[in-house]
Amino acid sequence: QVWVGRFRNPRFVQFALGAFTHSLAGLAVTSWDKVYTASVLSSENFGIYIVGAQYAGGLVLIFTAISQAVVPQMYLLLAKKEGSAVACGKFFMIITAGFVLLFSLFEIAIGPVMRLIFPVHFLSAIPIAQLLGVAALLQGLYFISSAVLFYYHRTFSLAIITISCGIFGAILAIISDASQVTEVVTIAISVWAAFFILTTLYSAVLVIKND
């Protein structure tokens, strides 16, 4: 009966549909990225890209875990009647500093780790992993700012941002005719930068407006 009551609530239905659309758009973007990368890169370059992406993905997992741990605390700050904007701003800066520190350690350590594990012909994946580390950092910061949009039930707005950034990435790929690993990685960084900038600006406006 509780769930039936929720589905009768227009705000809950709107939130759920927006979240579903956002997830669906995210799936479409990541699927297109994989298909495009596999189609334009040679087998050797695609293997190098996958190796670099695997290690950068580990950094994303760390950022995801941290985000899940700190978001409840951020929601408590957002619930404050006064001073939530300043408190959340300080909180975001602390999290950003922590993420940048982890990113820096990753950039330093990834080279020696990969040299220890992989044969020589895979070592060209080291700079790729380091570049994808930049995308991972932006993705981690995006997790924090997007959580603010979820707090204010702006799931449809988040879906629009996801679709827009996906289209932006596709346009970049078409215009640049990207066919090299570094070109593909540069597009990935640009897309995550767009995600981060749009969600951060929008979340900042919402926090200030509701303070």
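Is Phe195 buried or exposed, and what is its relative accessible area? Phe195 is buried, with a relative accessible area of 5%, where buried means under 20% relative accessible area, exposed means over 50%, and partly exposed lies in between, worked out with a 1.4 Å probe on protein chains only.

Before I go on, a word about the model. This is a predicted model, in which local features need pLDDT of at least 70 and side-chain atom pairs count only at pLDDT 80 or more, while totals for chains, interfaces and linings use all residues. Residues are numbered from 1 along each chain as its sequence is written, and side-chain values use heavy atoms, with hydrogens and water left out.

Let me start with the overall picture. The protein chain has seven helices and zero strands, where helices (H or I, at least four residues) and strands (E, at least two) are DSSP runs numbered from the N terminus. The C-alpha atoms fill a box of roughly 60 × 35 × 30 Å along the principal axes, and of the 211 residues, 39% count as buried. If we take the contacts with a separation of 6 or more, residues 24 or more positions apart account for 78% of them, and contact here means heavy atoms within 4.5 Å.

Now to the packing of the helices. Two packed helices are described by the angle between their axes and the distance between the axes. Axes are lines fitted to C-alpha atoms, for helices over the stretch in contact, and the angles run from 0 to 180 degrees between N-to-C directions.

Helix 4, which covers residues 84-117, packs with helix 5, residues 125-151, at an angle of about 160 degrees, and their axes are 10 Å apart. Helix 4 and helix 5 are therefore roughly antiparallel to each other; angles over 145 degrees count as roughly antiparallel, under 35 as roughly parallel, 65 to 115 as roughly perpendicular, and the rest as oblique. The residues that make this contact include Phe92, Phe99 and Phe103 of helix 4 and Gly133, Leu137 and Gly140 of helix 5. By class, the contact has 15 nonpolar, five polar and two charged residues, with Ala, Val, Leu, Ile, Met, Phe, Trp, Tyr, Cys and Pro counted as nonpolar, Asp, Glu, Lys and Arg as charged, and the others, Gly among them, as polar.

Helix 3 also packs with helix 5, at an angle of about 25 degrees and with the axes 8 Å apart, and that makes helix 3 roughly parallel to helix 5. The contact of helix 3 with helix 5 has 25 nonpolar, six polar and no charged residues.

Phe91 has its place in helix 4 and counts as buried at 14% relative accessibility, and its C-alpha lies 9.2 Å from that of Gln73, a residue 18 positions away in sequence.

Next, the aromatic rings. A search of the whole structure finds eight aromatic pairs, and rings of Phe, Tyr and Trp (its six-membered ring) pair if their centres lie within 6.5 Å, with planes under 30 degrees apart counted as stacked, over 60 as edge-to-face and the rest as tilted. The rings of Tyr75 and Tyr151 have centres 5.0 Å apart and planes at 40 degrees, so this pair is tilted. Tyr75 lies in helix 3, residues 43-78, and Tyr151 in helix 5, so the pair ties together parts that are 76 residues apart in sequence. Tyr75 is partly exposed at 26%, and Tyr151 counts as partly exposed at 28%.

This brings me back to Phe195, which forms a tilted pair with Trp192, 4.8 Å centre to centre and with 35 degrees between the planes. Both residues lie in helix 7, residues 181-209, three residues apart, or about one turn of the helix. Ring pairs link Tyr142, Phe143, Trp192 and Phe195 into a cluster.

Finally, let us look at two loops. His153, in the loop between helix 5 and helix 6, has a phi near 60 degrees, a positive value in a residue other than glycine, and His153 is partly exposed at 37%. Asp177 lies in the loop between helix 6 and helix 7, with a phi near 55 degrees, which is again positive in a residue other than glycine, and Asp177 counts as exposed at 59% relative accessibility.
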